[in-house]
Every structure is written in C-alpha cells, then in structure tokens.
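Please look at the model before reading on.

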Amino acid sequence: MRPARVILNAKSPLINTPAWLALLDHYKKVKKIHMLDLFEKDPQRFERYSIKFNDMLLDFSKNRVTDETMKLLFDLARQARVEEWRDKMFNGEKINNTEGRAVLHTALRNRSGRPVFVDDENVMPAVEAELEKMRVFSEKVRSGQWIGYAGLPITNVVNIGIGGSDLGPNMVCRALTPYAHNNIRVHFVSNVDGTHIDQMLKHLRPETTLFIVASKTFTTQETLTNANTAKKWFLDGAGRVTEDDIAKHFVAVSTNEEEVEKFGIDPVNMFRFWDWVGGRYSLWSAVGLASIIYIGMDNFIELLEGAHEMDEHFRSESLESNMPVILAMLGIWYGNFFNAESSAVLPYDHNLRMLPAYLEQADMESNGKSVDRQGRQTTYSTGKIIWGAEGINGQHAFYQLLHQGTRLIPTDFIASIQSDVCLRNHCDILASNFLAQTEALMRGRNMDKTREQLEKAGIELHKAENRLPHMIFEGNQPSNSIVIKKLTPRALGSLLAMYEHKIFVQGIVWNLNSYDQWGVELGKKLAKNILQELESGENMHEHDSSTQGLLDWFREVRRESMESEKQ
C-alpha cells in the first residue's frame, strides 16, 4: 500500500457524499424528537434495539434513533467500505499506510487455528511460541521457582512502561483482581516524575522484587529513565550484588535485543512482539506479562479467547447486528450531526475503574486526526473527547452536567450483575443506581411532573415556585447500557475487543489512519532540545517568549535552591 501523500489545500469529500447528505437531511427532520415519545409509541423498543452476545447485553434503545436513522447510518458504513477494510485488517494487509505496517493485534488472540500472513509469512507460530515462553516464565515466578540473588522468591513485580505498555496491563490487573495470585503484588510505574518511582520503591525489597521493563524500541525516554533509576536502586540497596545479578531481577518486553542486552538484561529473558502490534493495542502481547504473572496464564488465555470471540462476531455478523459497528455509528451520529464533543464511559464496577483511562488512549490516540488517509484536511469532526469515572462516584461529581448541562454528552454505562464480593445490599444499591441513571437521562422531568412530585411530598407550591425552573430536567440524553453477567477474563476480553473494533469502524468511516500517532512527535523533539538547555544552563535553541520565559524561571528557581542548600 502506497504511503499517504499530502495534498495541499485539498479537503476530504466525505460530507458531500450521498450517504452523508442523506443523514444530514434526516437529522434536520428528527433532531428534536424525544426518546420518551419513541418508547411510548413502541413498547417493543428494547427488544428491537438490544443485542446479546455470550454473557454480554448491549441495550442501545435509549438513543435518539429510529429505524430510518439506523438504516442511514449503516448505509454510511457501507459507503465507507467498512466490511472490506475489516477484512484487510484481519488478513494482514498494511492498512497503517503512513508507516507501511499491518495492524494485527487480533492475531495475538487468534484461537481459531487459522494462519495469519504478513509479507507471506504465517505469524501464528511466532505468536504461539511467545505465549508458551511467557507461560513457562510466569509459572516459575508464581510457583516461587524463580529465585532472586538472595535465594528468595519474588513477591513484588514492577512493570515499568508508559502509554500502552502501562495502561493496558495495569487496567487488566485492576479489572481481574479476584483472579490474582495470593502472594504476588504487581505495581506500575509510568510517570517520569521521580515522585512516582520513589514512592513505589520505598515499600519494596531488592531481593524479592522483579522489574519488567516494557518498551518497544527500548529507547523510550520516560521508561528508560525509570528503568535506570530502578537499576541503581537495586544495585545500591542489594548489598553484595554484581551486574550479573541484574538478570535475576530485570526482564524486558521489547523488539530491540541490542539495547536490552546493553542495559544488562539477559536476552533469554527478553519477551518479543512485532511492529504490527500498536502500543495502545499491545496488552494482548508480551506487554501483558505483568498481567500474566498476576492472574496466571490460564486466565490470560481466557482473556484472549474472549477477545477472539468478539473478533469473530465483528467479522461474521451483518452490520445491523454487529455490536462494534452499532456503537461506532451511534458515536458518529452524535459527534458529526449533533455536534457532541465528548463521550463518557461510566463503569458501575469498581474493578473497571481504569477502563475510562485506557479507552482515552485507545480512542483519542487512534482517531484524534485532522488529515485523512490521502493527506487531505478533514472538514468534519473526528475523534471525540473520551472521559469518565466509576459511575457511583461520578454521580456525586459530574452527573449534574450530564443531566442539566448545556452540552449533549452520549454515555456508555457498563455494569456486571454478579460480583465476587457477596455484599447483597451493596450490589442492589449499585444496580439500582445504574438502571435509574440511564432512565433519568432519557426520561427527564417536565414542569407538570415536578409540580406533581412536590405536591405528593406535601410541599406548598407557592413556597417552591422560585425553585421550579431549577428542578426541570429536559432528559433526552442518549446512553448505551452494556451489561455482563460477571467480570471474568473472558468477558473482559470481549468488552475490550468490542471497543477496539468500534474505534476501527469510526476511523474507516472518517477515512483516517487510526494506527499512527504523529501528533506526539513534535513535543518529544522539543523536549529533547529543552532538556539540553536545562542540563547545560545555556540557551541553545530558539523559543517563543513564553517558552523562553518559563525556561529561565525554572533555571533561576533551581539555581536559588542549590545556593540555599549550600548555605
């Protein structure tokens, strides 16, 4: 596939295509429709606008859509050739056109036995070999056979990474805590702010700590800075150790054997992945090593199998009954026609508390683009702002904005019915709030209903008249409800794969390359320049007056601090 070439001053033609114009015309007709009216007219709306997949239910009935809306959205998906692009991805074609790479995180969880080819090579034997290598290593650590320099087993594992090398495995470990090893704790360090790793290391012992350094190139500045700090801590605090002992306490997840060996890690303890695995989609690869040690290889395989089952659903189901496609097209409906700028992810499950942060990267780094595949400027909104938090905590923080704010914010409510913690009253309260919030967002409350409720409460209306306008809820706020029976490794795998494919579909409709991230490169380059100036104390590069003024202030305050310490 040829690399994209920039077409100066050209505009992406999407908004002038037949399917887009048909949706725009339809939007003008239905934009003021209220979902409450749709439910009153159609008592079977839930049955018609919900899908079951294994132990997961997607209810998308609380959306501002009709049958005609959904038909036109699927027309847009077909116009964008979503099915054709989906097949290209699964078949190993190099759909990452700016970097000339295949996009095959799906191969990492391919449990079908089918071969997957990249450049005429079946990658599945290498994938299976790496899984087996991780099984052997993780079982040694979990069983206590992996011994540190002092002859003691590992009790703490520290994953040092950033971005996808941190968010993915971190989220999986938090989500699957009920499946964790009883005697091994897993920690994650990502922030280059020294406070992060310093606070972590204070509570650990060198002789029982294993570090996993996860970096694709093994040159990532933040990760290598933290890794070198960890190595110094280990050598300084471990007593009579040598460089050879590093191999017992440091392993790597990388593609760069030379740099790994230079760091002091035995290449035998380097776990590999491939350039067709994007960072934000890498939790299924060796990047998941910390997760494997924490929950065990069998549970990790269950995670892969759940994701594979969703992959098969995405590959085989028609667009009309395809969970990722439905979620993707609803997102386009609100983002591009209702001008919704953000979308909230609200898990009503404490173990899913890191899911919003994980999806922030997965979505916004993928589709936060303003140039299409052909290098043309987009004339339409692309990736939305993704945000969220645990549902119950959010109710006491930002739900006011969802209910009565001026912005349309579509939401995904996620809940699991069964819990490993059998506190029935807690579970009932959680479930009742989950159900009530989606109903309240849809239903709203008009003036008549407000008056009626005040009268039932025994409040004299003339005394509450000035409060009435503040108690009105317009409602008509769209939401999806995603309910799973229990948050198992298999269910989590399916949930994550569903969101990955949703992001893919939206990128295809917007004609984007969802698998590069050039937007972060400039900041990295400028940071290197400024680092030189901070370390040397000299002005070596040209800056705007703001950046120069801030740089001077940093250096001045540090100089004053150093002089004060000398006194």
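Q: How are the residues that line the largest pocket divided into nonpolar, polar and charged?
A: The lining of the largest pocket holds 13 nonpolar, 18 polar and eleven charged residues. Ala, Val, Leu, Ile, Met, Phe, Trp, Tyr, Cys and Pro count as nonpolar, Asp, Glu, Lys and Arg as charged, and the others, Gly among them, as polar. The model is predicted: local features need pLDDT of at least 70 and side-chain atom pairs pLDDT 80 or more, whereas totals for chains, interfaces and linings use all residues. Residues are numbered from 1 along each chain as its sequence is written, and side-chain values use heavy atoms, without hydrogens or water.

Q: What makes a space a pocket, and which residues lie nearest the centre of the largest pocket?
A: On a 1 Å grid over the protein atoms alone, a pocket is an open set of points with protein on both sides within 12 Å along at least five of seven lines, whereas in a cavity a 1.4 Å probe fits but cannot get out; lining residues have an atom within 4 Å of a point. The largest pocket has 42 lining residues, and Thr220, Gln517, Val520, Glu521 and Lys524 lie nearest its centre. About 1300 Å³ of space lies in this pocket, a volume being the space filled by probe spheres set on grid points joined across faces, edges and corners. Helix α22 (521-536) is among the elements that supply at least two residues of this lining, and α22 gives the most, with six.

Q: Which residues lie nearest the centre of the largest cavity?
A: They are Gly331, Ser343, Pro410, Asp412 and Asn480, among 14 lining residues. Two or more residues each come from α14, β12 (411-418) and β13 (479-486), and α14 gives the most, with four. This lining has five nonpolar, six polar and three charged residues. The cavity holds about 110 Å³ of space, and the whole structure has four cavities of 30 Å³ or more.

Q: Why is α4 called roughly perpendicular to α14?
A: The axes of helix α4 (residues 67-79) and helix α14 (residues 323-337) come within 10 Å and cross at roughly 100 degrees. Angles under 35 degrees count as roughly parallel, over 145 as roughly antiparallel, 65 to 115 as roughly perpendicular and the rest as oblique. Therefore α4 is roughly perpendicular to α14. Axes are lines fitted to C-alpha atoms, for helices over the stretch in contact, with angles from 0 to 180 degrees between N-to-C directions. Contact means heavy atoms within 4.5 Å. The contact of α4 with α14 involves eleven nonpolar residues, one polar and no charged. Among the residues that meet are Leu73 and Phe74 in α4 and Met329 and Trp333 in α14.

Q: What makes β6 and β9 edge strands?
A: Five strands form an open, parallel sheet in the order β6-β5-β7-β8-β9. Strands β6 (185-189) and β9 (270-272) each pair on one side only. The average twist is 20 degrees from one strand to the next. Strands (E, at least two residues) and helices (H or I, at least four) are DSSP runs numbered from the N terminus.

Q: How do you know that β8 and β9 pair?
A: Two strands pair if DSSP finds at least two bridges between them. Strand β8 (residues 250-254) and β9 have three bridges, in the parallel sense. In one of these strands, β9, Phe271 is the bridge partner of Val253.
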